[in-house]
Amino acid sequence: EMALRLANVTSKDLIVDAGCGDGRVCFTAATKYGARAVGVDVDGKALREAAEVRGALGLEKHVRLLHEDVEHYDFRNATVVYVFLPPELFAAGTRLYNKFLDVLVAGNRIVTACSVLDYLAPVLVDGPKERMVFVYDKESVANAVLVQDAERPANTMMPMSLEEGNNAQAADNALISTYRSGLI
């Protein structure tokens, strides 16, 4: 929710959730913001569950779910890309790195949760430590600084204690339960 709000998502956007899992970001984009959404993931079980929720919510016309490796997905039509993946998948020099730069140079936005694109300067950072959100856009590319400091750690996930992780998971599970019960 916060990530989509900070990215200024509107009904004109096409959100691509790279590594969508159970589809919650796609469902929120469609129900709360009226955006179209595509969820891409390699986890067939999570996608089947997401398809059930999508059907229960009546979002078949607004949300597509694809069983595909995000490294092979074509992001050209995305206006917002949401990423909650291990940062090594989109580190400088990877296939996703180049695809993400193309998204940004085209004037679109990337939102990451809990991880950063070390090679770019975010235009917005917000949220509590365990739910930090970073927003990148074309300006991020213009303000990019090549990191040459060997002392700086590589692109890593934000630290999260076990308790913070359990609280975050409980909040996520409550949201999915709400979707499944038809309240949203």
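A quick definition before the points: a residue is buried when its relative accessible area is under 20%, exposed when over 50%, and partly exposed in between, using a 1.4 Å probe and protein chains only.

1. **Ground rules.** This is a predicted model, in which local features need pLDDT of at least 70 and side-chain atom pairs count only at pLDDT 80 or more, while totals for chains, interfaces and linings use all residues. Residues are numbered from 1 along each chain as its sequence is written, and side-chain values use heavy atoms, with hydrogens and water left out.

2. **Helix H3.** Helices are DSSP runs of H or I with at least four residues, strands are runs of E with at least two, and both are numbered from the N terminus. The buried residues of H3 are Gly44, Ala46, Leu47, Ala50, Val53, Arg54 and Leu57. As background for reading that list, an α-helix has 3.6 residues a turn, so residues three or four places apart point the same way.

3. **The ends of H3.** At its start, a side-chain oxygen of Asp43 comes to within 3.1 Å of the backbone nitrogen of Lys45. Just after H3, Gly58 has a positive phi of about 70°.

4. **Helix H2.** Eight of the 10 residues of H2 (residues 24–33) are buried, so this helix is largely enclosed by the rest of the structure. The buried set is Arg24, Val25, Cys26, Phe27, Thr28, Ala29, Ala30 and Tyr33. Just after H2, Gly34 takes a positive phi of about 70°.

5. With a salt bridge taken as a side-chain nitrogen of Lys or Arg within 4 Å of a carboxyl oxygen of Asp or Glu, the whole structure holds four. One of them pairs Asp13 with Arg109, their closest N and O atoms lying 2.9 Å apart. This pair links distant parts of the chain, 96 residues apart: Asp13 sits in the loop between helix H1 (2–6) and strand S1 (14–18), and Arg109 belongs to strand S5 (residues 109–113). Both Asp13 and Arg109 are buried.

6. **Two further pairs.** Asp22 and Arg24 form a salt bridge at 2.2 Å, N to O, and Arg24 is buried at 15% relative accessible area. Asp74 and Arg76 also meet in a salt bridge, at 2.5 Å, N to O. Here Asp74 counts as partly exposed at 38% relative accessibility, and Arg76 counts as exposed at 70%.

Key:
Polar contact = N/O pair within 3.5 Å; in protein donor to acceptor, adjacent residues only side chain to side chain.
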